[in-house]
Amino acid sequence: MTRFLLPAGVFALLVAVLFIGIQRAPEKTVIPSALIGKSAPAFTLPVLGSDQQFYADSLRGRWYVLNVWGTWCPECRNEHDTLLEIARSRALPVVGLNWKDDDSAALDWLEQLGNPYDVVAVDREGRVAIDWGVYGAPETFLVDATGTVVYRHVGPLNLQIWSREFLGRLPRASAGGGL
Amino acid sequence: MIAEIGHYALILALLASLAQAFFGLIGAARNHDSWVATVRPAVTVQFLMTSLALAVLVVAFVQNDFSVEYVAANSNSALPVGYRIAAVWGAHEGSLLLWAWILVAWTFAVAALSKRLPAGFAARVLGVLGLVSLGFHAFTLFTSNPFLRLDPAAPDGRDLNPLLQDPALAAHPPMLYAGYVGFAVAFAFACAAMLEGRLDQTWARWTRPWTTVAWAFLSIGIALGSWWAYYELGWGGYWFWDPVENASFMPWLVGTALIHSLAVTEKRGLFKSWTLLLAILAFSLSLLGTFLVRSGVLVSVHSFAADPTRGMFILAFLVIVIGGALTLYAWRAPLLRSEAGFEFTARESFLLFNNILLVVAAGAVFAGTMAPLISDALGLGTLSVGRQYFDPVFLLPTLPLLALAAVGIHSSWKKGRLGERRKAILLTLVVGVLVAVVLVLGAWEGAMLLTPIGFALGIWLMLSALVDPIDRWRRGLSLSRGVVGMAIAHAALGLFTISITAVESYTRERDLALAVGETGQVGEFEYRLRDLRAVEGPNYDALRGEIVVYENGREIGLLHPEKRNYWVQRQVMTEAGIDMQLTRDIFAALGEDLGAGRWSVRAQVRPLINYVWLAAFLMALGGVIATTDRRYRQESAG
C-alpha cells in the first residue's frame, strides 16, 4: 500500500525545498540589484533650492549614501526620523535624490520635518532613477570610495538595518560625515 | 474608528471559524448532537463577521481614509470610485481578506444547501472548511492585517498600480478566487469522506455540482486574466507561461481531471481513491498557487522570505492542510475498493486516459514552474524556464487528449460498444481533416506542421461533441441538462483548439517606426499613423495616436492606442488600440518615442483570437448548465 504514501512523500520533498528557500533567504538581499559591484551611474542634476548643479563624480574618493525619496511617498515620511538620526550621527554623507517631485513641496517638507541630507539632487523626470534601477521610493544605495555600488536597500530604513547593512560594510577609516 | 470595527470583526470571524472547526470535527467524531448543531450558527456568525470586515475595508477605500496604511498604499483621491473598490484586492493584505470572504461565502452556501446531507457528514465538511478559514484569518491578522493605521495619516494615497486599473482585472481576482476556493468544497467533501471511512456514489453526486461550478469560475477567471494581459500589457500575447498564470492553470487542469473522475465515481462507483486524490490535489495547488503568487516566491525566493515570519506561517499552514489531508489519504484510501470491471473501449477507459493525460500536463507545468525555485533553493544558480519548454511539453499530452475526447464522447459505460458508433466517429474525422486541408491550402502562407493537425483535431472534436445532441434534438428526444452542458463544453474545447491554431499560425506582427503621416507594412496590411495628440483622463494624461489600417489598399480598421502617464504612481502605461472584428483583431500599441517625431508602434493582426476567450466562457457555461441538471436538484431537494 506504499503507493498511497507517494503523494505525501512528494509533498514532504516540496516542503523541504520551500523550507530551505526560507532559511537561506536572510543571507541574500531582498531584491538583487544588477548594479551591485558595478560603478554608480554618473549624473548631473540641479541642487534643490539653488541654481547650482550637483555632480555625482564630485564624491569620488569618499563613501556615501544615496537616498531616493519624494513628498508623495508615505513610506518616506515613515523613514524620515531614521534619516535624521543617521544625519546626526554624521557617519556618512547622505545625498538625497528627490524623485519626480515638486520643488516647493520638497522644500516645505524639509523645512517642516528637518533636513537630513547634505545635498539634495532634483530628478524631476526620473531619468537618473531609471539609471540607478530604482524600484520604488524610498530606496537607499551605499557607494564606496571608488564609486562602486556596494549595497542597496528597498523600502524604509531603520537603525538596525542601517548599522548592520550600511555601517557594517564600511572600512573603519572611512566613517565621518558631511560633504 | 471604522477600521477598528473591521479589525474586531475579523477577530470575531477567527473565533467563529475556530468554533466551526472544533465543533464540526470533534462533534462529529464523538457523536455529540448538540456540538454538531452549533456548527451552522458558527458558519453564519463567521460569514457575517467576515462580510463586515470586508465591507469596512471597502468603505475605507471609498471614503479615502488614508489613515489606514493599506488604503494609503493602494489608493488615491483622484482614483475613480469603481477602482477604489477594486483596489481593496489590489495588493497582498486585501486579497487575503477577499480570499477568506469568498471561502466563507462558499461555506455559507454549503451550510444552506446541505440540510439534507447526513448531519455528521455535513458537520465534518463544514469543520474542514472552518479549519481552512481559521488558517486564513490567522494569517491575515498576524502577518498581513489590512486594518493597520498609519500615523500620521498620509495627505493622499500612493494610488493603485495603474496596471490594475482596468475592468477585466478588477473582476479577475474575485473570479479566480471563487474558483480556487470552490475546490476547497471538493477538498472538504473528500476529507469528510475519508474521516468517515465511507465513500459511495451519493458522495460523488454531492461533490460534483460544487466542483463543476468552481471549475467554471476558475475558467472565467483565467480567461479574464489572459484577456487583460492581451490588451493591457501592450505585448499583444494572450498566454506567457508566466508563473502567476501557471499557478492558476495547474488547479484548472487537475480540476478538469477531477470533474471527469467524479463522473466515473458517480455513475460506476470506480476510481474512488483516485478521485479523492484529485480533490486534494486541486485544492492543494490552489492554495500553493495563491501563496506562491501573493508572496512572490516564484518571482524570486528572496521576496518570499523577505518576511520570514510570513514565509514560515505559509509553510506551516500548507503542512497542516495539505500534509494532513495527504496523510489521511495514505491511511484511508487503501480501504476503498472498487469491484466493478469494464471493457477496454468503455467510457471508463477513456476517462482514465483523460485523467492520466491531464495530470501529466499539470505535472509538466508544475515542474517548469517550480524548477527555478528548486534550483535557487538548492543553490544551483538561477534558472529560467520559458515557452521553449512549456509549449512542447504541454502539447505532448494534450494533443492525444483531444483525439481521445473526440472518440471517447461516443463511448458508453461499462461495455466497449465503439464499433456501433464507427460511422459517426469516422465521418466526423473525415470532415475535420477535409476542412483542415481546405483551410490550410486556402491560407497556406505561414502554416506550420501543427496547423493542419490543430484544425483537424479541433473541428473533429467540435463535430463529435455536437453530432449526438443535435441528432437527438432533431428527432424530438429529450436532452438532459447534463448532456447539453457536456456537449457545449466539449465543442468549446474544439473551438478553443481551432482558434489557438489560427492565432499561432497566422498572426502577422511587426514593430514599426512611424511619424505622423507615415505608413508601415505588416504582411499584407498597411498601418498609417494619421494623428498623435495629448488627451487627459481622470488621474492620468496620455498621448493618443490615430492609426488607420488598410488591407490591399482598402481601409479595414481605425485604432486609438494610448500611452498613459499616471500622475501619482508616475507610471507610464500602454493602452493598446484594438479593433475587434468577427474573424480577427487588428492591434496597435504605442511604444517608445524614437525622437524626431517618430514613435515605435507594435502592429499585429491576429485571426480568431477572441474565440480563444469565447471558448473559455463557453466551457464555463457548459459547466454551469450541467450543474443545473435535474438529478442534482432532486438530490438537494429530497
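The model is predicted, so local features need pLDDT of at least 70, side-chain atom pairs count only at pLDDT 80 or more, and totals for chains, interfaces and linings use all residues. Residues are numbered from 1 along each chain as its sequence is written, while chains are lettered from A and ligands numbered from 1 in the order in which they are written.

| Property of chain B | Value |
|---|---|
| Helices and strands | 19 helices and 10 strands |
| Box filled by the C-alpha atoms, along the principal axes | roughly 80 × 75 × 55 Å |
| Buried residues | 54% of 638 residues |

Helices (H or I, at least four residues) and strands (E, at least two) are DSSP runs numbered from the N terminus. A residue is buried if 20 or more other C-beta atoms, placed from the backbone, lie within 10 Å of its own C-beta, exposed if 12 or fewer do, and partly exposed in between.

Helix H5 of chain B covers residues 92-113, and 17 of its 22 residues are buried.

In chain A, A:Thr71 lies in the loop between strand S3 (64-69) and helix H2 (74-89), and A:Thr71 is buried because 21 other C-beta atoms lie within 10 Å. Leaving aside residues up to four places away in sequence, A:Thr71 touches A:Asp101, A:Ala105, A:Ala106 and A:Trp109, where contact requires C-beta atoms, placed from the backbone, within 7 Å. The C-alpha atoms of A:Thr71 and A:Asp103, which are 32 residues apart along the chain, are separated by 9.7 Å.

Technical notes:
Contact = placed C-beta atoms within 7 Å. Expected span 1.5 Å × (residues − 1).
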